[in-house]
Amino acid sequence: GEHEIDYLLVYKLRRGETLLVTPEPDEVKAFKWVTESELFDAMTNKRLGDEPMPKWSPWFEIIAKRFLRDWWTDLDGLVTARKFADYATI
């Protein structure tokens, strides 16, 4: 089987703070800021509003479905503590 480590970087912006994202053009076709409900609706319906969504990375779908809702619910626990760290599995 294939063994891959994927990175999902999480950062909670302070009120009024902005984040400049400059992805590697050879690696990232596009990105968009979305809410939790927009993300899961887009993954389910393969659309974001009126726009069709391209294929998701299979690895991202697995991570999102298994972990992301819990992380999103407790962003403070995610970014300030090791609450969700799983060093035994990796």
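Student: Before we zoom in, what share of the contacts in the chain with a separation of 6 or more comes from residues 24 or more positions apart?

Tutor: Residues 24 or more positions apart make up 40% of those contacts, counting a separation of 6 or more. Keep in mind that this is a predicted model. There are three helices and two strands in the chain, and in sequence order they run α-β-β-α-α. The C-alpha trace spans about 45 × 40 × 25 Å along its principal axes. Of the 90 residues, 14% count as buried. The accessible surface is about 8100 Å², and carbon and sulfur atoms hold 54% of that.

Now for the helix pair. Two packed helices are described by the angle between their axes and by the distance between those axes. Here the pair is H1, residues 36-45, and H2, residues 58-73, packed at about 155° with axes 12 Å apart. An angle over 145 degrees counts as roughly antiparallel, so that is how H1 lies relative to H2. The crossing of H1 past H2 is left-handed. On the H1 side, the contact uses Glu-36, Leu-39, Phe-40 and Met-43. H2 brings Phe-60, Glu-61, Ala-64, Lys-65, Leu-68, Arg-69 and Trp-72. Sort the residues of this contact by type and you get seven nonpolar, four charged and no polar.

Leu-39 sits in H1 and has a relative accessibility of 7%, so it counts as buried, the cut-off being under 20%. Setting aside neighbours within four places in sequence, Leu-39 touches Val-34, Trp-56, Phe-60, Leu-68 and Trp-72. Of these, Phe-60, Leu-68 and Trp-72 are also named on the H2 side of the helix contact. For a sense of distance across the pair, take Leu-39 and Ala-64: they are 25 residues apart along the chain, and their C-alpha atoms are separated by 9.3 Å.

From H2, take Glu-61. Glu-61 is one of the H2 residues in the contact with H1, and at 17% relative accessibility it counts as buried. Again leaving out neighbours within four places, Glu-61 is in contact with Met-43, Lys-46 and Trp-56. Trp-56 also turns up on the contact list of Leu-39, while Met-43 belongs to the H1 side of the helix contact.

That leaves Lys-46, a residue worth a look for its backbone. Lys-46 lies in the loop between H1 and strand E1 (47-48). Its phi is near 60°, a positive value in a residue other than glycine. Most residues other than glycine have a negative phi. As for its surroundings, Lys-46 has a relative accessible area of 40%, which means it is partly exposed, and it makes the contact with Glu-61 mentioned above.

Last stop, the run-up to H2. Ser-57 is in the loop between strand E2 (51-52) and H2, and with a relative accessibility of 35% it counts as partly exposed.

Methods
Residues numbered from 1 in each chain as written. Predicted model: local features only at pLDDT ≥ 70, side-chain atom pairs only at ≥ 80, totals over all residues. Heavy atoms only, no water. Axes fitted to C-alpha atoms, helices over the stretch in contact; angles between N-to-C directions. Helix = DSSP H or I, 4+ residues; strand = E, 2+ residues; numbered from the N terminus. Parallel < 35°, antiparallel > 145°, perpendicular 65-115°, else oblique. Left-handed = near helix turned anticlockwise from the far one by under 90°. Contact = heavy atoms within 4.5 Å. Nonpolar A, V, L, I, M, F, W, Y, C, P; charged D, E, K, R; others polar. Buried < 20%, exposed > 50% of the residue type's maximum accessible area, 1.4 Å probe, protein only. Areas by Shrake-Rupley, 256 points an atom, 1.4 Å probe, with all protein chains shown as cover.
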